[in-house]
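Please keep the sequence and the model open while reading the points below.

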Amino acid sequence: MRARSASAIVAAAVFAVMMVGASIELQAVRDRFYPPRELDEDTLYIQSGPMMRRLTVAYNALAADLYWIRAIQYYGDGKRRLASQARVPDPPPMIAAPTSDAYSMLYPMLDLTTSLDPRFNIAYRFGAVFLAEPYPSGPGRPDLAVKLLEKGLRERPDKWEYMEDIGFVHYWYDHDYRAAAEWFRKAGEMPGAPWWLRSLAATTLAQGGDRQSSRTMWEAIRQSSENDWLRLDAERRLLQLQALDQIDQLQAEIDKYARRAGAPATNWSTLVRARVFPGMPVDPTGTPYALDGGRVTVDPSSRLWPLPQEPRRADSRPPS
Amino acid sequence: MPALATFELTKDYAIGFWRKRPYRALDGLTLEIAPGEVFGFLGPNGAGKTTTLKLLMQLVFPTSGRAEIFGRPLGDLSVKRRIGYLPEHPYFYDYLTAEELLTYFAGLFGYAGAERRARAARLLDEVGIGAERRMQLRKFSKGMLQRVGIAQAILNEPELVIFDEPMSGLDPLGRRDVRSLILRLRDRGCTVFFSSHVLSDAEALCDRVAILARGRLAAMGRLTDMLPFRARGWDLVVAGVRDETVAALGTRVRRAVRLSDGHYMLDLPPDSPPERLVGELTAGGAHLVSLNPIRQTLEEFFVEHVTTPAAAGAPRDVEPPHGRRP
Amino acid sequence: MKATAWIAINVFRESVRDKVLYNLVFFAILLIGASYLIGQLTAGQDVKIIKDLGLAATSIFGVFIAVFIGIGLVSKEVERRSVYSLLAKPIHRYQLLIGKYCGLVLTLIVNVSIMAAALYVVLAYMSWGVPPAAARIWDAPALDPALLKATALLLAELTIVTAIALLFSTFSTPMLSAAMTFGLYIVGHFTNDLRNFADLVDSPAAARLARGLSWALPNLAQFDVRADVVHGLPVSFGYMGLASLYAAVYVAMLLAISVLIFSRRDFK
């Protein structure tokens, strides 16, 4: 009797496991024949922060966390999707021009996150970086980045970090060095702000946009950086600056070769055979440079791609 | 000073959901119970017995009238300390064991830790469920719960116990146990006030009874003094008796029914004592199977004495009423 | 007094046996699972999110225990008639009520304290080995003692929620009691909105009504300092004192009404 009930239990358990397996397998089969519709992540049912605050009653902060996680994933997904698509249009889209709706929900999500938790520090700071990133790594909306940070400043007017970040957005994405310097100055005057912000303000105003001042700035960020993500980003920026220097040198050699040969070089092997270079030149991450119609660029498969827009200053100095 | 006294105790319940109208569950009950008495509170279901007991325990509050226990008003904690109460169909906490329940209740009387456990163990033994003390109450049968209920009611060695239908849900063995427990309580000097709808329970135990019908007191006194409950004859069953012997009894039996060979049921009139006849028959080689008094049941009493034709059901062939009317 | 304490202890014991504390296991699993997942997902803010999640879960579990056990405290005894033999013992009805209430509050204190301790353990694990430079981006240290302030005020809030559940259960059915208690819990977080509403409406009668309600209904939003604590903003002891005093007064009021109803009730 006992033995029979034990074997019945075993049989039931085996049956249950088999059914679980079958249900998983069936889903896989179904997805193969009827591919599921892409999840429409671009829908935000409720876009009003105050409304959402009421709906989440006493649990605003938790809701903010959920929207923040969703925003990160949304941004990461968009970036991955665009990277896996056909090569981006050439020439790269202009800064500050909304080019795609791939990231269209990013700002509403960040806005909602920060409305639910108005002191969500990282949502402002990282969110601004996401928004300002040029297409295709981001929506290329420095205006929205500044808007988000200003919202944070309204909540916490003493946060020099937000001012510093607004300054960076102006510096890097708008190339508005006057505005950047103004924000750096404001940030430097706040209690607790690091010493170098004031000198940064001065340098920016004097020689904004040149590689050396950019390098100084990113180096400062790298060293003062409070978290891995910002530090790694700063390191990448420094490598990009290094790549820009290398490209200038390479380009000079190639131009020299073109003048000598009377025709532009179309591929690296020609140049290597002509002993212009000892081998195929690689960027600071180890990825070979691309040679496109006689112009050296980083390869789109490189971590450094796309390179920042070079400053458009009339008095741009020759590369060092 | 009576152990318990009620004065014109009256309780109206509001019934109906929307337009509530009063329904009188108890109407002007006045009674007194002397210390040391075993008092039966009889009546059919719905007569107001439970309402009365709940009024005494202040589980409901009277519409008018009052009651006293040991000469003090109800609800006095010093009174509550001296009484015990068994509710009708007692129910306790599913997840406690019998022992834990009694320990919990003992704590409410203020007994210290060791005393609590000692009392719980002693009482569970006394009501005959000592072996099941570690069992959770949800696994208890109705009869076992009734025993737990009795145990918790006498936890504090009360001077007065109020039992609501203590025999209900019990098998014959259990009824006998409860009967002997009530007698033990009486011997200890405890006053016992219990309700029942079964006459024989009261008969074996009570000094006095009160009979309640439709909220009113219908009769009160010794059962043997109440005319309707006197024996109206005897039912005698004998075996091994010869047919001629029975035939020779003549008018000494009202009726003789032959059940089987040598097996007779004899209907004896109430005026002649049955002992002599039994003696004669057994001397003649017969043996006694059973001897029972024939008397009115409570139900029959109510059919006759309370004008509730609808609720009473079909009347049976009984003698014309000759008891006092309420 | 002794009997009241004895009843309270037994409520606690019963809730332990009723597997109420199992919620702590869910809490721990939730927290550990979330800390693992969130660590994979977001950069740098995992400590903030774990604090949010831990405190919110503590609050949600607490409210559910307060409501679902609170509504059964007395009504279950009445419904199952166990109150008959209980009230025959030398106790007053109010002692039963207060004892039951204190027992549930005791259960909540133990429960919430264990959850707070578990939160600290998870936070300690997460912040283990994080360099001070990286920790600087956090608004508040990982093992911030101020979390205890949020927990304490949550407990103050739960004492009110429990008293509301108890009050409803003295005269209403469990389902209705649960619905009304949850309703009041939500409304209790909007009393400030109600006050603003009073300023917006034109009708003076409606304004008076809204204003009156806004003051009379339990103001529960004041007990939610979780966001402030997580962002490292100060929560003064003066504020905590006043909020706790409010809770005490409001609970006393609710218990008084409960006792009033319960003491006069017929157990038919």
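1. A positive phi, near 65°, is found at Arg81 of chain C, the residue named here as following helix α3(C). Helices (H or I, at least four residues) and strands (E, at least two) are DSSP runs, numbered from the N terminus.

2. The model is a predicted one: local features need pLDDT of at least 70 and side-chain atom pairs count only at pLDDT 80 or more, while totals for chains, interfaces and linings use all residues. Residues are numbered from 1 along each chain as its sequence is written, and chains are lettered from A and ligands numbered from 1 in the order in which they are written.

3. Helix α3 of chain C covers residues 46-79, and its 34 residues should span 50 Å at 1.5 Å a residue; the end C-alpha atoms lie 47 Å apart, which agrees. The expected span is 1.5 Å times one less than the number of residues. The helix bends by about 40° at Leu73(C), the bend being the angle between axes fitted to the seven residues ending there and the seven starting there.

4. How many residues of α3(C) are buried? The helix is mostly covered, with 28 of its 34 residues buried. A buried residue has 20 or more other C-beta atoms within 10 Å of its own, with C-beta atoms placed from the backbone.

5. Chain A has twelve helices and two strands. Along the sequence, its pattern is α-α-α-α-α-α-α-α-α-α-α-α-β-β. Of its 320 residues, 35% count as buried.

6. Chain B has eleven helices and 14 strands, and its C-alpha trace spans about 70 × 50 × 40 Å along the principal axes. Buried residues account for 40% of its 326 residues.

7. Contacts require C-beta atoms, placed from the backbone, to lie within 7 Å. Among contacts between residues at least 6 apart in sequence, the share joining residues at least 24 apart is 56% in chain A and 68% in chain B.

8. Chain B contains an open sheet of four strands in the order β2-β1-β4-β5, with antiparallel pairing. The edge strands are β2 (21-33) and β5 (72-73) of chain B, each pairing on one side only. Two strands pair if DSSP finds at least two bridges between them.

9. Within that sheet, strand β1 (residues 4-15) of chain B pairs with strand β4 (residues 64-69) of chain B in the antiparallel sense over five bridges. Ala5(B) has Glu68(B) in β4(B) as its bridge partner.

Technical notes. Buried ≥ 20, exposed ≤ 12 C-beta atoms within 10 Å, placed from the backbone. Contact = placed C-beta atoms within 7 Å.
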